[in-house]
Amino acid sequence: MRARHDFDAAYYRRFYSGPDRAHSAAAVARLARGVTDLAGWLGIELGSVLDVGAGPGFWGRFFRRRPAVRYRAVDVSAHACEKWGHERRDISRWAPRERYDLVVCQGVLQYLDDAAAARAIENLARACRGLLYLEVVTRQDLAEAVDARGTDTLVHAREGEWYRRRLAPHFEQVGAGLWASRRSGVVLYELEGPAAPAGKRALRSGRRSG
């Protein structure tokens with residue numbers, strides 16, 4: 001991977017401190033609570049979590065208060081790994097041997113070129129046996145959704161469909177950034193996910209009855 005940034009101390013000061021920061025520990029804690037609660041609703045018990053691009057360690061603060069969850073954090077940034085104690089890994093080149101109940105990949109793929117991003121998606125899929133939480137800025141987001149004051153716009157701007165095509169063989173989209181691994185056994189009701197062609201939803205053991 002050749003990043004557009006050094007992901008050094010200056011980068012983290014710019015985007016993770018001050019009033020225009022991209023994320024805060026409190027905001028990520030709210031997000032993590034929502035993800036863990038929805039995982040429970042979908043019938044996925046979170047015993048293990050892989051955090052890819054862990055950065056300032058906000059997800060780690062949340063999960064380290066839950067000793068029953070085995071949490072592993074990786075990042076490509078030497079600065080982040082030294083400061084926050086992550087393993088130094090490049091998800092575009094590193095294929096985890098273990099599988100995790102939840103894989104978090106927040107704000108990573110947009111920094112990779114097309115080939116590296118495609119490899120990274122394959123590696124995320126190998127690592128995930130339950131849910132993937134994915135946040136990635138697309139071309140449409142840059143035009144319509146993000147606040148450039150707190151969002152890094154020096155990224156590879158791709159169409160959302162580019163990601164969907166590469167995620168679809170491995171995941172079913174749940175919504176709100178969540179993707180269920182096709183090996184997870186999660187069953188979605190028709191209106192819980194995006195439209196699917198008639199007859200394409202397999203009958204599996206459901207998490208709940210109507």
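1. Start with helix H5: Ala116, Ala117, Ala120, Ile121, Asn123, Leu124, Ala125 and Ala127 are buried there, where buried means under 20% relative accessible area with a 1.4 Å probe, protein chains only. Helices here are DSSP runs of H or I with at least four residues, strands are E runs of at least two, and both are numbered from the N terminus.

2. A word on the source: this is a predicted model, with local features needing pLDDT of at least 70 and side-chain atom pairs counting only at pLDDT 80 or more, while totals for chains, interfaces and linings use all residues. Residues are numbered from 1 along each chain as its sequence is written, and side-chain values use heavy atoms, with hydrogens and water left out.

3. H5 covers residues 114–127, and its 14 residues reach 20 Å from first C-alpha to last, close to the 20 Å expected at 1.5 Å a residue (the expected span is 1.5 Å times one less than the number of residues).

4. What sits over those buried H5 residues? The cover includes strands S1 (48–52), S4 (100–106), S5 (128–135) and S6 (171–175), plus helix H7 (160–167).

5. Now the H5 and H7 pair: their axes, lines fitted to C-alpha atoms over the stretch in contact, come within 10 Å and cross at roughly 40°. On the H5 side the contact is made by Asp114, Ala117, Ala118 and Ile121, and on the H7 side by Trp162, Tyr163, Arg166 and Leu167, contact meaning heavy atoms within 4.5 Å.

6. For the whole protein chain, seven helices and seven strands make up the secondary structure, and 44% of the 210 residues count as buried.

Terms used:
Buried < 20%, exposed > 50% of the residue type's maximum accessible area, 1.4 Å probe, protein only. Axes fitted to C-alpha atoms, helices over the stretch in contact; angles between N-to-C directions.
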